[in-house]
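Student: Could you help me learn to read a structure like this one? I would like to start with the rings.

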Amino acid sequence: MAKAKRIQRWQRDPQGMRLRILEAAKQEFAAHGLAGARVDRIAANAGANKRMLYYHVGNKEDLYLEVLEGAYEKIRAEERTLDLEHLDPPDAIGRLIDFTWNYFLRNPEFLALLNTENLAKAKHLKRSTKVKSMHSPFVEMIRTVVTRGVESGDFRVTVDPVQLYISIAGLAFFYLSNSATLSVIFGRDLLKKDARDERLEHMTALVLAALTGKSTAEVGSAMPLLRTSEHRVV
């Protein structure tokens with residue numbers, strides 16, 4: 001009887017079942033990597049069985065790729081809500097840094113998935129037909145902000161938007177991915193709120209100093225702490 005009820009729920013809400021499988025898979029891959037992930041655990045945590053899982057998403061590698069694509073889709077979708085085109089260029093870059101930092105804090109599984117895929121030399125991501133296209137509008141959004149900044153005189157240099165984003169993401173990613181070892185080495189808890197706030201201010205001042213030609217001290221003293229409470233981790 002219980003089995004029949006599960007099948008009925010699956011048949012009534014196939015999309016809901018698919019979403020539960022993808023969420024369970026994201027947590028499993030983030031915790032154990034691709035090699036250590038187990039389909040049985042994913043199915044059980046989704047309230048499904050292996051037959052349902054294979055029906056909805058295919059084998060384990062197909063499921064992993066779909067989770068990876070979904071992770072990129074999620075961050076790109078949230079970035080589109082930042083409304084950067086309607087902000088002054090320095091504020092737009094500040095908001096992008098703030099969002100990136102707090103998104104990484106709120107979504108540690110995203111960093112874990114990136115680590116797993118980089119260890120695999122992007123073997124699975126290379127199969128994706130979606131990832132490149134979803135990044136193009138994002139790159140153009142940053143390019144537009146930088147161009148406006150140069151035209152307005154706020155920025156002294158035109159920089160490659162891809163390089164700029166990699167620098168922003170790298171400043172956040174390295175700190176968070178290595179916070180355990182760095183905390184031991186330098187004798188401070190780098191994930192305490194005060195330390196996180198200090199890191200965000202430092203990253204923002206550093207990037208804006210590079211764009212404006214001012215010193216980090218000048219930028220830091222003139223820069224109001226950006227507040228994007230809908231994205232901020234407390």
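Student: Which residues form one aromatic cluster?

Tutor: Tyr72, Phe99, Tyr103, Phe104, Phe110 and Phe173 do. Rings of Phe, Tyr and Trp (its six-membered ring) pair if their centres lie within 6.5 Å; planes under 30 degrees apart are stacked, over 60 edge-to-face, and the rest tilted. By this rule there are eight aromatic pairs. One of them joins Phe99 and Tyr103, a tilted pair with 5.4 Å between centres and 40° between planes.

Tutor: A word on the source: this is a predicted model, where local features need pLDDT of at least 70 and side-chain atom pairs pLDDT 80 or more, while totals for chains, interfaces and linings use all residues. Residues are numbered from 1 along each chain as its sequence is written, and side-chain values use heavy atoms, leaving out hydrogens and water.

Student: Where do Phe99 and Tyr103 sit in helix H6?

Tutor: Helices are DSSP runs of H or I with at least four residues, numbered from the N terminus. Phe99 and Tyr103 are four residues apart in helix H6, so about one helical turn separates them.

Student: Is Tyr103 buried or exposed?

Tutor: Buried means under 20% relative accessible area, exposed over 50%, and partly exposed in between (1.4 Å probe, protein chains only). Tyr103 is buried, at 1%. Tyr103 also pairs edge-to-face with Phe110, at 6.0 Å centre to centre and 85° between the planes.

Student: What is the phi of Lys121 near?

Tutor: It is near 60°, a positive value in a residue other than glycine. Lys121 lies in the loop between helix H7 (108-119) and helix H8 (131-152), and is exposed at 66% relative accessible area.

Note on methods: Helix = DSSP H or I, 4+ residues; strand = E, 2+ residues; numbered from the N terminus.
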